[in-house]
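I opened the file to look up how the chains meet and what lies inside them. My notes follow in the order in which I looked things up.

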Amino acid sequence: MGPLLSLSQFWFLCETVAGVGMFLFQAAMALPPPDPQFVLRGTGAPVNTLHFCCRNQEQDKPLLFSGSANGAVHVWNLRTRRTESVLEGHGGASVLWVQTLNSRDALISQGRDLRVCMWDLAEGRSVVTDSILTESMGFCQCSLLDREGGHWLLAVPGADMAAVRVLDLPSKTPVCTLKPDAKLGMPMCLKLWQPDSGSSPLLWAGYEDGSVSLWNLSERSLLSRLACHAEPVMSLDPGKLRGVSGSSEKAINSWTLDGQQSLKLQDSVELVNPGISHLCIREDRRILATAGWDHRIRLLGWKKLKPLAVLQYHTDIVQCVAFSDHDVPNKRLMAAGSKDQRISFWSVYNQI
Amino acid sequence: MAVIDDPREAFGSLRPVCVLLTREPTVHNVERLRTQLQGLSDSALQQLQEYILFPLRFALKTPGPKKDSQLLAVVECVAYVLTSTCVQSWELLRDLFSELCVCLCSPSNPGKPAPVSEELKTAVVQALDALLHAAYGDIVLHLFEPPMMPALGLAISLLLELGEHEKSRKLQTAALKCLQVFLLQCDCSQLHRSMNEEEERMLGRTFASFLPGITQGLSRVVTGDVKQGHAVTVSAMRVWFKTVVLVMDEKQLSKDKEKPVVELGRVGELMVQRTKEWVKDTGGKLAVLLKKMLACSSGHRHWKVRMEVVELSSHLLSRCHGTLVDSISPLLEALVGLVNDESLEVRSRCDEVLKSMAEQNLIGGNQAFIDILSENLHSLTTSLPRLMRSADDQDKLSTLNLFLGYLKILGPRVSAVLNSAAHLQRISKALMQVLEMDVTDVRIVEERRFHNEARGEQHTELLERATQKKYFRYFTDERIFALLQQLCRVLGYYGDLYLLVDHFMDLYRESVVYRKQAALVLNELIAGAAGMNLETSVGQKDLVSQENLKAAVTSVTEEYTSLVNWHLVTTSVESEQGDSTAFSQSRLLSITMSANTDYLKSSAGLNPTIGLMNSNIWQICIQLEGIGCFALALGPQFRLLLITALYPVLEKAGDETLLISQAALGAMRDICKGCGYNSLKDLINQNSDYLVNDISLNLQRLSQHPHTPRVLSVMISNSDASLLPLVVDIIQDVLMALDHCYDERAPVFCVVLHSLIGAFAVRWFPAETSSRNECRNPDGERDLPEEMTRFLLDYHRQRQVAEGNAAEEAELEDTEMPPPAPEPDDSEEGPAVKPELPPHISIAKEVMERCIHLLSDKSLRLRLKVLDVLELCVTVLQSHENELLPMAHRAWPPLVQRLTNDDPLAVLRAFKVMCTLGETCGDFLRRRVSKDVLPRLTGSLVKQAPVSARAGPVYTHTLAYKMQLAVLQGLGALCCRLDLGKQAAELHCALLICLHYLSCRQPPKLIIGCIVFQHLIQVDPDSVWLTLNELYCPNSYEPKHSSLHAVQLSGMGKQRNEFTENILKLLQEMQ
């Protein structure tokens, strides 16, 4: 019998074996991205916005509110993973934004029927107690800020194309109207913010022309403006003194606010596919999640904007992401709502 | 005879007789006295008592030998007097007592009974009995005072002798009963004087002297020959325990302030001082006797004896538990062992006793009791495995009954006992060993679930079936298993659930050897903790809180359904599947495809792991049963657990192994019951969101969850059309997943698609029976003359029309029936307006699309499956011709490939699909069939005809035969459906071919298979007739009129040949 393998064949084999070994090694090192923990279906329409309410749960009933394009706000019980109730208050017009006021019993929702509705959900009720006309036809979400003593500030896109109105709740008295001098286009996203030091609340606004502005509410003045995107700003999250914004282009930008109250571009991450519809920094400021037009959810380390994972499940544009506010950190979930009418839940980086 | 009431008169009448009797004590005289006495009233008798007794006593006392008969008469008479009167003076009592005793004892040896007749002895014993009953007031107590002790002792020893050694049962029982009377605890109906404490104590003290004699003698009786009858045993036991209770009564002894000993002389020596040492000593001796007695009696065949054991235990335990310390353990054991007795009376009495003991807080308040009980339990569990291995079923039953009894009697203190690690260890190990299952049965592994669509009905049937019988290594009796289950439930009921679940979960994880048993135990523990299926005799107790129960259920369910414990190897088919296609192909090519291939296959898979697979199957089944049981235990609270538990159960419901799928269905049924769903359908529909969620997620990781599609198919087959809107979403996912992995997973998906479309076609949207299902041509039910007339008229007209070629037209075979009205073709209405299709139609369309692609897959098995699905798709789509026809058009080329260039099996299936297509698409296929398919089919038929004609009986097992049969059977219907009559040439061609099969040399089934002719007859009877007659014509046709030509057919005048018989049959049918 002759030699079974020629030398070259032998080396080839060795290489293959080594390659397979290497592959296995790498596979073991880099865990595959996780699957969703579970998925909620049944909204019957694209999901526009999500809001968790898991804190202070007396009855162990974590809730999630979702607003969808058919005008319904679904209240999901995350324990049974089923809808508790469906709130129809916007006459079928798409719901852009939902938020709770302090407790799970008071809800505020913004619809494209130009109304912001206040809901009373206590003791199984579901009635609209009050509503505010927004006068804006755009897609810009409102923003809410809790002031001490049962008062809230609500930022609403104004009737005038570029203006933002700020109201006091529950009195509904206007506090101010902020209108930039320069032509920035419509506001695309708003975020009210109470800095630790200064007493005056601030407003972050992202505009159609790609700029992010910071307004001082008490002085009604523009503090700073940063042209950080070439396309409209789709979403921003100010974090603390360092925020992040996403637009319809291929980049996510982070910026900082320095001592002189001026904005500086800090960092930028290039994406494969354009379009960020929503982004959100986790409460502990470690993780940034983005909802992409490419059907993917991206997770980045907030500190250095290091890409961590790409979560793939949805079959259409992901429209919103949200982190749950569970008291216990390892129960915390991330949820993403998509145009494919599903809400996916992910358990990511929550083992501390 | 009038009753004489006046004592004077009575005296007058008695005097002569008494005098006579004194003078001549003969039987006759006694009889006379007796008759006289019967005429006296009781009061008169009482007054004359001493007078009457005098001659009788005199007769007894006279010295010298007496005849038995004479004595008998005298004693009976004395007894008679005593029963009707009472003895008022102590002297009389004493004298009578001693006189009667003398009658009993033998003159030579006073300790032994006299060798007299049994009748006499009986009479004396009864007289003694009567004497004691007749004693008035407290004078009887004098009998038990120390001076009387020798006489009393003599009487007692005599009675014991009689009870022990006599042959006559009557005498034995009488003696024993009399003994009982001596204890002044007779249970006859007469009124008895109740004794005060002091008197009782006196009695007790006296009998203490006789205790050794009585107890030993009686225990000999009890342990004696079984043949002596139960009555003797029962009374012996009764006297035994009554004596013991009297002497060893705790109450007496605790207060027994020993009286200063009065100087009694020699008699004093007989007295016993019941000191502590004496009590202890006696207790020990009694325990020995007791153990002997219990060993004999607690398993006694007669229930009355066992009942007496209960009484004995009850009395001794309640009155003497402090004094008979050593006996408590055997007594409890006896009692506990009878808790589950087969006799209802014994059982209920036993329960009563135990209950009253519990009420008196005898057990609870007495740590010693618990110690003894747990000690007993420990030793029992230690010996349990050995007993279960060696003893017979009856013994096993009683051992387990005992075990159960201990648990019940310990009640809530079980948890305290279990807190001792040694106990828990023992019990669990014993259970593990006892519950070891027998996993050698091959059938368990072999039995397969059928994939047929009529399963809906089957299910209900399956539901009725009880859970699968389990086989155990160490016992076969079902009752034993039931008892073990009960035992575990009681453990769960009383024990600390958390501790138990934790412990058995550890065992479950520890080793595969214990896993099944541990799961069995866990299931019952939780059922027991919820108070399910417990016998009523179990004492009340607060149930475990729902929260704890839920926590336990959750953790156990999680463990059960975890990947490692849930996805076990249960079948060797999967590994085989890869090469099975190659294997089957080679096999199919061989001519003889024997019917036992299934057997071959299974034997091929019969590798050493069969036991393992069996064991795995059982484990899954037990776990499934457990989940069902948890649902029942937890009730509606279990609904929340459905999020995780329902999917795995459904996954198993779709398992191929029959046993598993049955168990899973059982579990589903239990879940329905527990969670309050009315039916499986409700369960599935209302929880479809959970299921859909899991399916959708798992579809993305098919390699890890290969059985995901199964869940969907189980959902489909157990629900109805209302499920469809809930799963449309997921069906899309399935189709998408199929598109992603065409190769490896396609077979799994095909199963789902098959069940889905099958459900559409058969159950959810059954097609209304369309007119297509019948043959289009009107049946030959018409009036013949009328038809003739019409035909002739028609013929005439045609002839007129076609002047020139009238000669050709005259040919009969070209004559056609008037064509039926063409199908209204609504495909013209165009795609301009496209109404939304019902979801099932669009799904069927999409599925059909996939089928078209998969039709040319390289795996035969898959192709066959796809053909099945395709056929179903066609059935579903038949109501929407606009959708069906384009799809049929696209499906045609690959289908033709299957029909013409494929494995015979595939050809067979494809032919069936084509028949269905023919039924639904009709005209649309006519040209294609006659062009692409018919020539091939007919060609092969022609080729095979001589083969089948020559072949032997084995031929009917070949595929070729089946093929022939199928084609012959289908061809007719196909021709009929496609209206091939219009293509006369094809029809004729088909006819000619089928003629081959009319030969009587063909296998009979093929000839019957020639119903093709019946169809053809409907299509074109004339042409068939002619063809048949060409081959063989039985009659000759004489022209009715000379102007007509004589009919000449080529079959006329032929010899009988191979076709004759069948042709005749057909022609007859055509008439």
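Predicted model: local features only at pLDDT ≥ 70, side-chain atom pairs only at ≥ 80, totals over all residues.

I began with the interface: chain A and chain B bury about 1,300 Å² between them, 39% of it on carbon and sulfur atoms, where buried area is the accessible area (1.4 Å probe) that two parts lose on being put together, summed over both.

Residues are numbered from 1 along each chain as its sequence is written, chains are lettered from A in the order in which they are written, and side-chain values use heavy atoms, with hydrogens and water left out.

I then looked up contacts (heavy atoms within 4.5 Å) and found 15 residues of chain A against 17 residues of chain B. For salt bridges (a side-chain nitrogen of Lys or Arg within 4 Å of a carboxyl oxygen of Asp or Glu), the rule gives five across this interface; I also noted the salt bridge between Arg342(A) and Asp729(B), at 2.8 Å from N to O.

Last, I turned to Phe638(B) and listed what it touches, leaving out residues up to four places away in sequence: Val553(B), Ile627(B), Phe630(B), Ala631(B), Ala645(B), Ile671(B) and Cys675(B).
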